[in-house]
Amino acid sequence: MYAKGMDRITELPTFIIHHIMSYLSAKEIARTSILSKRWYLFCISFPILEFDQCYFLGKAITLMDISDEKKFMAFVEASLFRFCKLRFRMQELRLFQSFLDVKGSAPLLDKWIGLAVDNGIKDLVLMVHNMTQEDTVCILPQTIFSAKSMATLSLFGCRMEQPSDTTTIRLDSLKKLTLENVYINDQMFQKLTNECPSLEDFEISACWGLKNLCVSKAHKLKKLAIYTFYKDIGIVEIVVPSLQQQLMLTSVWFMDEEFDRFISKFPLLEDLLLRFCRLPEKVKISSNQLKNLHFNSCENLKAIDTDTPNLLSFTFSNLDMHWYLRLKKFLGVAKQIENLKLSLETCEIGHDSFNNDFCIMLY
């Protein structure tokens, strides 16, 4: 029997307490540390470590100076060493930091990533920002390439350099990779995608340094999202027959029949989403597996020839009324579609114009 008012939660096993804490924000977790000595131990041993410079200092990035940066880095350093001394396995590390002194801070960042790797890190989110006017970008520590137990890696704002001759990429467990505003060249991109044997989900956005984007040896890849690139990219080549769940392309240009050949390489694909892509006037899509097909603001496209008997959802934005009328033939053969929503912007009928959303229910 528990006496009235007794704290039963505190008596739960540590791993259950940590699971409950995983639903709290970093701010709420910090507050639990003052409840009691036992809750303080729960807090410092919590295997999801999040360090947000803005939250820690309570001020905007633009108002920070070098003393603020040193204060935050000292806090991160102390927290990581304290956690590692407890010999708990690190589940996740999230670091959000802006650098005033990129070169001077690099050794500490290398040390932190090394500690995370040594403690069996599962998930890593690294978001860095260079606040100086110098042409300096934070270089990703190469120790990260030996994180054999890491399952997800999300990088924002850093530079990925090709490992040295003595460094091998051993990201054997990596299943999800996100690169945003990251510098990466062709050789490093190829090495990264070729030497992550478990990669299933890959998202790349606004990255620079690439001349050609080629994905061909990611044999387990199921989901691929390619967003805006800088204009210096030349060729996009994706040869991944295993791609099954989703392919999302944004701001990719296809010439003439290039798109038809490209899309025929993914016979198992279920979801295809294209946004702001430059396509030929007419594209042809034939697939027994495709269930969801979405076109959003694709330049030049006027006609779509589809042979997709299992299609359940179709979206095409920025339609005109002529296109809407030609859609009748398509609707007559697409018996599986249950809900089709057309968004028409400034469509003209005779001398009238209107802005409306149509929703057509098919039974």
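Of the contacts in this chain (heavy atoms within 4.5 Å) with a separation of 6 or more, 50% are between residues 24 or more positions apart. Please keep in mind that this is a predicted model, in which local features need pLDDT of at least 70 and side-chain atom pairs count only at pLDDT 80 or more, while totals for chains, interfaces and linings use all residues. Residues are numbered from 1 along each chain as its sequence is written, and side-chain values use heavy atoms, with hydrogens and water left out.

Turning to the chain as a whole, we have 9 helices and 17 strands, taken as DSSP runs of H or I with at least four residues for helices and of E with at least two for strands, numbered from the N terminus. Of the 363 residues, 43% are buried, where buried means under 20% relative accessible area, exposed means over 50%, and partly exposed lies in between, with a 1.4 Å probe and protein chains only. The chain exposes about 19900 Å², and 53% of that is supplied by carbon and sulfur atoms; the areas come from the Shrake-Rupley method with a 1.4 Å probe, and for residues only the protein chains shown count as cover.

Let me now go to strand E4, residues 152-156, which is largely enclosed by the rest of the structure, because 4 of its 5 residues are buried. Two strands are said to pair if DSSP finds at least two bridges between them, and E4 pairs with strand E3, residues 123-130, in the parallel sense over 5 bridges, with Leu126 standing opposite Leu155 in E4. Strand E5, residues 176-180, also runs parallel to E4 and is joined to it by 5 bridges, and there Lys176 in E5 is the bridge partner of Thr152.

What about disulfides, meaning a pair of cysteine sulfur atoms within 2.5 Å? A search of the whole structure finds 0 of them. For Cys207, the closest cysteine sulfur is in Cys158, at 8.9 Å, which is too far for a bond, and Cys207 is buried at 1% relative accessible area. For Cys298, the closest is in Cys277, at 5.1 Å, again too far for a bond, and Cys298 is buried as well, at 12%.

Finally, two residues other than glycine have a positive phi. Arg87, with phi near 60°, sits in the loop between helix H5 (66-85) and strand E2 (92-99) and counts as exposed at 76% relative accessibility. Ala206, with phi near 50°, is found in the loop between strand E6 (201-205) and strand E7 (212-215), and is partly exposed at 25%.

Technical notes
Disulfide = S-S within 2.5 Å.
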